Amino acid sequence: MTLQRSRPRLMILDDPGAVDRRVAELIADLIREKPECVLGLATGGTPVGAYRELVGMHQQQSLDFSRLTTFNLDEYVGLSGDHPQSYRYFMQHHLFDHVNVQPSRTHVPNGRARDIDREAREYEKKIDSAGGIDLQLLGIGSNGHIAFNEPGSPIESRTRTVELTAETIEDNARFFETADEVPGTAITMGIGTILESKRIVLMATGDAKADAVRTAVEDDPDPINPASLLQLHSNVTFVLDRAAAGGLSTSGSR
Ligand code: GLP
């Protein structure tokens with residue numbers, strides 16, 4: 001892990017559709033170059049369009065997922081993989097069921113593990129045994145969280161259980177019937193785990209993310225803004241639409 005501060009590369013595109021296509025292309029380029037790559041995947045509303053693009057590339061251009069391995073960032077504690085709001089279900093629904101990935105090579109933390117601390121330790125070991133993550137896709141929470149690393153998460157944190165903030169529960173309540181149904185606890189890769197990925201691609205769209213993006217790119221790295229810690233990695237790309245880039249004082253490449 002490089003702990004020198006460096007500026008994330010910025011790709012600022014016209015609209016969310018362009019962000020989806022660019023992110024899918026970055027992932028597809030890696031799959032073509034290194035068919036046995038290890039992908040770190042994210043959930044939330046933001047990556048849905050990029051997954052749709054990847055499914056299209058599989059169907060129309062035979063993009064081959066058969067040799068790669070995936071690790072998802074996080075999962076709600078208490079939800080089984082067949083719960084419609086679980087992140088395992090999300091991944092099956094938006095990507096895995098529609099491409100030729102080998103099911104045994106897709107990994108999402110088990111939110112129903114009897115010993116959740118052990119599950120966390122084993123998840124780390126599985127990432128290591130796979131050779132580490134080549135490209136980690138991230139979204140960003142409106143409070144700057146990445147995966148479920150809420151403000152205050154230590155830079156050296158590893159996969160572990162965490163309590164979600166009221167803000168995150170409220171943000172994610174849109175996927176549930178009521179906010180009361182959102183689990184208050186999750187299992188998540190840590191900041192340290194994420195920073196060990198060889199490359200990181202963070203995608204964000206819409207003006208609700210503009211403050212979090214500005215803080216992540218322009219403020220000093222500080223655990224109070226988890227995404228700002230990405231400045232301590234030397235190969236990070238932010239793929240943004242104009243709205244999400246709206247708070248930045250500098251512009252990026254197109
Ligand atoms: C959740 C996920 C994060 C994601 C965030 C933003 O909290 N754990 O990985 O980045 O939501 O989600 P959305 O893309 O829906 O705004």
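User: What is 2.7 Å from a polar backbone atom of Gly 45?
Analyst: An oxygen atom of the ligand. That is a polar contact, a pair of N or O atoms within 3.5 Å. This is a predicted model: local features need pLDDT of at least 70, side-chain atom pairs need 80 or more, and totals for chains, interfaces and linings use all residues. Residues are numbered from 1 along each chain as its sequence is written, and side-chain values use heavy atoms, without hydrogens or water.

User: And how far is Ile 140 from the ligand, backbone to oxygen?
Analyst: A polar backbone atom of Ile 140 sits 3.3 Å from a ligand oxygen. Arg 174 uses a polar side-chain atom, 2.5 Å from an oxygen of the ligand.

User: How much of the ligand does the protein bury?
Analyst: 95% of the 390 Å² that the ligand exposes when taken alone. Those areas are Shrake-Rupley values with a 1.4 Å probe.

User: How many residues surround the ligand?
Analyst: 14, with a heavy atom within 4 Å as the cut-off. Among the closest are Thr 46, Asp 74 and Lys 209.

User: What classes are in that shell?
Analyst: Four nonpolar, seven polar and three charged residues. Gly counts as polar here; Asp, Glu, Lys and Arg count as charged.

User: Switching topic. How many aromatic pairs are there?
Analyst: Six in the whole structure, with ring centres within 6.5 Å. One of them is Tyr 51 with Phe 90: 6.4 Å centre to centre, 75° between the planes. That makes the pair edge-to-face, the label for planes over 60 degrees apart.

Key:
Polar contact = N/O pair within 3.5 Å; in protein donor to acceptor, adjacent residues only side chain to side chain. Phe/Tyr/Trp six-rings, centres within 6.5 Å; stacked < 30°, edge-to-face > 60°.
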